[in-house]
Amino acid sequence: MAVIENVRNVAIIAHVDHGKTTLVDALLKQNGIFRSNEVVQDRVMDSNDLERERGITILAKNTAVNYKGVKINIIDTPGHADFGGEVERILSMVDGVILLVDAVEGCMPQTRYVLKKALSLGKKPVVVINKIDKGGDLNKTMDGVIDLFIELGANDDQLDFKTVYASARAGFATNDPSVHATDMSALLDVIVSEVPAPEGDVEGGLQTIICNVDYDEYVGRIGVGRIVRGSVKDAEAVTVCHTDGTNSYAKIGKLYQFEGLKRAEVERASVGDIIAISGIADINIGETICSLNQPDPLPFVAIDEPTISMMFMVNNSPFAGKEGKFVTSRHLRARLFREVQTNVSMRVEETDNTDTFKVFGRGELHLSILIEEMRREGYEFQVSRPKVINKTIDGVLCEPMEDLVVDVPTEYVGAVMSKLGERRGELVSMDADDRGGTKLTFKIPSRCLIGYRNEMLTDTKGFGTMASTFAGYEPHKGDIKERTRGSLVCFESGVTTQYGLFNAQERTTLFVGAGLKVYEGMIVGVNSREDDLVVNVCKLKHLTNSRASGSDDALKLIPPTQMSLEQCMEFIADDELLEVTPQSIRLRKKILSHDLRMKEWAKNRK
Ligand SMILES: Nc1nc2c(ncn2[C@@H]2O[C@H](COP(=O)(O)OP(=O)(O)OP(=O)(O)O)[C@@H](O)[C@H]2O)c(=O)[nH]1
Ligand SMILES: [Mg+2]
């Protein structure tokens, strides 16, 4: 066994927005990755379009810096609970983790989740209390961190963690918050001293477990992984051990290591190195690359199961095929099955209907990001309301639960408690801070949280924040009323008119304005009552001699409510669908004809 003293492999893990990607920015900037006059955007690792638009990390990504002769491979991970699978799958590449905790917010649900995963896999933690420029009670935050380590059963070595205080945004880290620092070297020193150097057998046959797959327009598919045993050369012939137990022959094209934001070509790499490999066209996550004559697969970490599912189907609305480039069942099938090859916590199943696929994910955002990506690529399809996945455990029907933290100005505590009470939330703790805010912790069934975020924002005038993480299965808590307001459904196909909408807008909220093409059974708004309301929004005013159509201008319309993709997903009921195309997102009844819907309703009532 050799110890590779000049390499460290570490992942940055934390709750969403605690500053992981910003910390990577600071490390890269101070390590001469950019030219001195180069204009560098913030959160440079959040490189894909959706990440930049939403300001969150979605995919885990590799980078590396050299510090005092040590190569530190760093993996930035997403903090949103729905992308927890990304964190799980990359942990096998690292020996230690940097657990980032926001100095003011303290430990949050996803802090617990990612730390639990890291500790159970035996990774050595370093704690960084970040955003100390914001103030906060550092002792209280530290107490929270220590409590969490103990509660999660950290071993003695893990419990003996080092703490660094930092402001990633200001670019400094210090071992003692009362001592001023001007750069990140305190953190880099702790990484080098605390994160174990990789160990392994340099002489043995090659074993590299693939934890990430990337794509490069010149060299094609690239597998990223860590060499667990032996060494590898570019252009070497190897055996790929697939997850189904079969092996195949392959030849490595180019071999790379990470250098700042780039992949740098290397001729050779060995135990402990994190490498990227081109040339194996069908390489997948979980596969092991071995020496040609010595196939010896490594087990891939078990990833937590998905908790919600949604039907994806071919668009069959009257407007089908008009806006999308890829519209057939074959297109949809190929795209979905391609996704699950790299999106490790997602699953796809075929159904009895060849036009419909069941997609399983870790949460609404997990699925909505896929939907958004697909529509940008030119796909057109329909999706159903997300449903949580129940399980029967020891003969008892169980449902997924969430740990939920809601942080609100104290005056809104009453509103939040009563709404969450109705949704079967159980209050676990309540903690007022000295800034007029209160942190409420709940345990709540996942299904009861669907659609709550909007309500919470309305109830707290936009001042509340909330975060939740999967907290295991518990016996089913019984039915709750899912939606208290019905849909406003188009009576006929046509173009919406000012007149028709004006008549419909009383006691309802409209999603559409005038001059929009609609079809019978399309949903154009929400009723103030529980049942659906059929409206004729295409109605033209009867022209008489004395009144000209021009007087429509006098009919003032309230501007339509624009709903985001996630809001639409939360809004639709079981008998409704979301029609998604590159240009539009429409809501519709599954059964478009009013008469047929009424018949179905009468049948179900019997
Ligand atoms: N005041 C202050 N703000 C910070 C600091 N570090 C990060 N931020 C801000 O916090 C926000 C979130 O930062 P990110 O780096 O995107 O956080 P993240 O942990 O990567 O978020 P996800 O990847 O989505 O989980 C940004 O607005 C940052 O500017 C800090 O040290 N001080
Ligand atoms: Mg990030």
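**Strand β5 and its surroundings**

Tutor: Strand β5 is joined by 7 bridges to strand β6 (residues 124–130), and the two run parallel. The model is predicted, so local features need pLDDT of at least 70, side-chain atom pairs count only at pLDDT 80 or more, and totals for chains, interfaces and linings use all residues. Residues are numbered from 1 along each chain as its sequence is written, and chains are lettered from A and ligands numbered from 1 in the order in which they are written.

Student: What makes β5 and β6 a pair?

Tutor: Two strands pair if DSSP finds at least two bridges between them; β5 and β6 have 7, so they pair. V101 stands opposite I129 in β6.

Student: Why is β5 described as largely enclosed?

Tutor: A residue is buried if 20 or more other C-beta atoms lie within 10 Å of its own, exposed if 12 or fewer, and partly exposed in between, with C-beta atoms placed from the backbone. In β5 (residues 96–102), 7 of the 7 residues are buried, so the rest of the structure largely encloses this strand. G96, I98, L100 and D102 lie on one side, and V97, L99 and V101 on the other.

Student: Why does A235 count as exposed?

Tutor: A235 has 11 C-beta neighbours inside 10 Å, and the limit for exposed is 12 or fewer. A235 also has a positive phi of about 65°, although it is not a glycine.

Student: How do you know that K461 is exposed?

Tutor: K461 has 11 other C-beta atoms within 10 Å, and therefore counts as exposed. The phi of K461 is positive, about 50°, although K461 is not a glycine.

Definitions and conventions: Helix = DSSP H or I, 4+ residues; strand = E, 2+ residues; numbered from the N terminus.
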